[in-house]
2 protein chains.
Amino acid sequence: MSETKEPWLGELLRLAEAEDPVKTVKQGKILEAAIEIFSEKGYAATSTSEIAQRAGVAEGTIFRHYKTKKDLLLSIAGPIAAKMVAPFLMREFAKIIDFPYNWVEDFFRSIAKDRLIFARQNAKLIKILLHEVPFHPELLEQLKGMLTHIVFHRIEKVVLHFQAQGQVIEAPPWRIMRSAASLFIGMIVTHVFLVPEHPFDEDEEVERTLDILMHGISPAGRNA
Amino acid sequence: MSETKEPWLGELLRLAEAEDPVKTVKQGKILEAAIEIFSEKGYAATSTSEIAQRAGVAEGTIFRHYKTKKDLLLSIAGPIAAKMVAPFLMREFAKIIDFPYNWVEDFFRSIAKDRLIFARQNAKLIKILLHEVPFHPELLEQLKGMLTHIVFHRIEKVVLHFQAQGQVIEAPPWRIMRSAASLFIGMIVTHVFLVPEHPFDEDEEVERTLDILMHGISPAGRNA
DNA sequence: AGAAAATGTGAGTGATTACTCACTTTCATA
DNA sequence: TATGAAAGTGAGTAATCACTCACATTTTCT
């Protein structure tokens, strides 16, 4: 199985090198405008002429940098997909020997806080990605590949590690992962997308959600 | 505040009467085709000519029944939004005096099972609704109104009821509700949308998810 | 400075879009 | 069976779409 053929791998390598392929000022304006309008009206309902207008650029300039409108979308959605899973690429996830967390709670807390901040900083991009992913097979495969190969497999090892230590109930790791993901995604979606105007204590929110999760997946206080 | 002005109320009343406004065979074909293609490619990327083609109907026939393309969308998305919250309209939710559930667990179980089955039977419609809701203000307001006035307020009373009985930890009801919703939606999304091909034991899944939720929100086994 | 390359422009193109309308067919009822 | 209404049709329409291309401007390199 040659990993070099996976399209998302190149995405991640480029991300690791922090290589920014944006060359000119106007190209930057085009990207900004596209992100803005795509997140407002959706990709299919956005016209290239409107993007050009908001970017203060001639319509032809868009196609100088991006072969097609879809190419423009992918240059936006691809990187954000990579950045979403990027923190799970950390070396420590592979070898749990020198794992930096002694407690599951600390592990989940650091992920929850980090991804909450990330979501707030990249709300528009995430909205675009989630919205378009079901309709573009390449995007779907890219995201699926990242999630299964990077996120799922790595966190599964972590969960097994903590299960062996008795910190997590005996259950299929995917159920533990799904529970944690559900609770944290529910928290993030609420504050970032549903009621972003409502202020909240970030630490308190994470802590209370974490509390419910930990009581849900800890052996402590169970009779079995 | 005159409730008769709320657009979603009419939706729900019509639903209660089980009134089906579809008059002709061809209109039914149009709806079927539209649901199919909208869920495949999204509303904006679907052309009326394609809908007519798949429905085996002349394009003009669509506009005989629906003034505009958007009108067709709303006639699909509106009813499914109403059906999503319909079970929470049950009388029992209002007066918790003669409440049919003695245990929170039973309450959440019945909701989870019912909505899981509902989601499987209406996957395409739900996909269309969730997809288009952010881009159509009328739809957004309709759904928001339903969720806050019907679902949120009613379930809040139920949670307070069980908190008073000591079955649920002392916490803002919305946090309890969000936790339950997150876990169940996570389960439903997984099985209905992410990996629908993967078979699973429905009861077992609900029971295990419920187990994690209950340990998360029960006072039992806590030291506080 | 001068040549070559990269970037930017906007009028122009054929295809497609949602929607109309004059007309035909089907249906309900008296 | 006659008649008006409802349902169905498909060619036609103006607008908009993504995209091209010959040309202008700026940047880069020698």
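This is a predicted model: local features need pLDDT of at least 70, side-chain atom pairs count only at pLDDT 80 or more; totals for chains, interfaces and linings use all residues.
Reader: What makes up the secondary structure of chain A?

Author: Chain A has 11 helices and 0 strands. Read along the sequence, its pattern is α-α-α-α-α-α-α-α-α-α-α. Along the principal axes, the C-alpha atoms of chain A fill a box of roughly 70 × 45 × 25 Å.

Reader: Which residues make the contact between H7(A) and H11(A)?

Author: From H7(A) the contributors are A:Val104, A:Glu105, A:Phe108, A:Arg109, A:Ala112, A:Lys113, A:Leu116, A:Ile117 and A:Arg120. From H11(A) they are A:Glu202, A:Asp203, A:Val206, A:Glu207, A:Leu210, A:Leu213, A:Met214 and A:Ile217. By class, this contact holds 10 nonpolar, no polar and 7 charged residues.

Reader: Why is H7(A) described as roughly antiparallel to H9(A)?

Author: The axes of H7(A) and helix H9 (residues 137-164) of chain A cross at roughly 155 degrees and come within 10 Å. Because an angle over 145 degrees counts as roughly antiparallel, the value of roughly 155 degrees makes H7(A) roughly antiparallel to H9(A). A:Val104, A:Phe107 and A:Ile111 of H7(A) make this contact with A:Ile155, A:Val158 and A:Phe162 of H9(A). The residues of the contact divide into 6 nonpolar, no polar and no charged.

Reader: What makes H9(B) and H10(B) roughly perpendicular?

Author: In chain B, the axes of helix H9 (residues 137-164) and helix H10 (residues 173-194) cross at roughly 105 degrees, coming within 9 Å. Angles of 65 to 115 degrees count as roughly perpendicular, and H9(B) and H10(B) are therefore given that description. On the H9(B) side, B:Phe152, B:Ile155, B:Glu156, B:Val159, B:Leu160 and B:Gln163 take part. They meet B:Pro173, B:Trp174, B:Ile176 and B:Met177 of H10(B). This contact comprises 8 nonpolar, 1 polar and 1 charged residues.

Reader: Which residues come nearest to DNA strand D?

Author: Of the 17 residues around DNA strand D, the nearest are A:Lys69, B:Lys26, B:Thr61, B:Arg64 and B:His65. The surface near DNA strand D has 3 nonpolar, 9 polar and 5 charged residues. Its largest share, 4 residues, comes from H4(B).

Reader: How do you know that B:Thr61 has a polar contact with DNA strand D?

Author: A polar side-chain atom of B:Thr61 lies 2.7 Å from a phosphate oxygen of DNA strand D. A polar contact is a pair of N or O atoms within 3.5 Å, and the distance of 2.7 Å meets that cut-off. Helix H3 (48-55) and helix H4 (59-65) of chain A, together with helix H4 (59-65) of chain B, are the elements giving two or more residues to the surface near DNA strand D.

Reader: What share of the atoms of DNA strand D within 4 Å of the protein belongs to sugar or phosphate?

Author: Sugar or phosphate accounts for 64% of those atoms of DNA strand D, and the rest belong to bases.

Reader: Which residues are closest to DNA strand C?

Author: DNA strand C is surrounded by 17 residues, of which A:Lys26, A:Thr61, A:Arg64, A:His65 and B:Lys69 are the closest. Of the atoms of DNA strand C that come within 4 Å of the protein, 61% are accounted for by sugar and phosphate. H4(A) supplies the largest share of the surface near DNA strand C, 4 residues.

Reader: What makes the pairing of B:Glu59 with DNA strand C a polar contact?

Author: A polar side-chain atom of B:Glu59 lies 3.4 Å from a base nitrogen of DNA strand C. The cut-off for a pair of N or O atoms is 3.5 Å, and the value of 3.4 Å is within it. For phosphate oxygens of DNA strand C, the distance is 2.8 Å from a polar side-chain atom of A:Thr61 and 2.6 Å from a polar backbone atom of B:Lys69.

Key
Residues are numbered from 1 along each chain as its sequence is written. Chains are lettered from A and ligands numbered from 1 in the order in which they are written. Side-chain values use heavy atoms; hydrogens and water are left out. A residue is near a molecule or strand if one of its heavy atoms lies within 4 Å of it. A polar contact is a pair of N or O atoms within 3.5 Å; within protein, one must be able to donate a hydrogen and the other to accept it, and residues adjacent in sequence count only if both atoms are side-chain atoms. Ala, Val, Leu, Ile, Met, Phe, Trp, Tyr, Cys and Pro count as nonpolar, Asp, Glu, Lys and Arg as charged, and the others, Gly among them, as polar. Contact means heavy atoms within 4.5 Å. Axes are lines fitted to C-alpha atoms, for helices over the stretch in contact, and angles run from 0 to 180 degrees between N-to-C directions. Angles under 35 degrees count as roughly parallel, over 145 as roughly antiparallel, 65 to 115 as roughly perpendicular and the rest as oblique.
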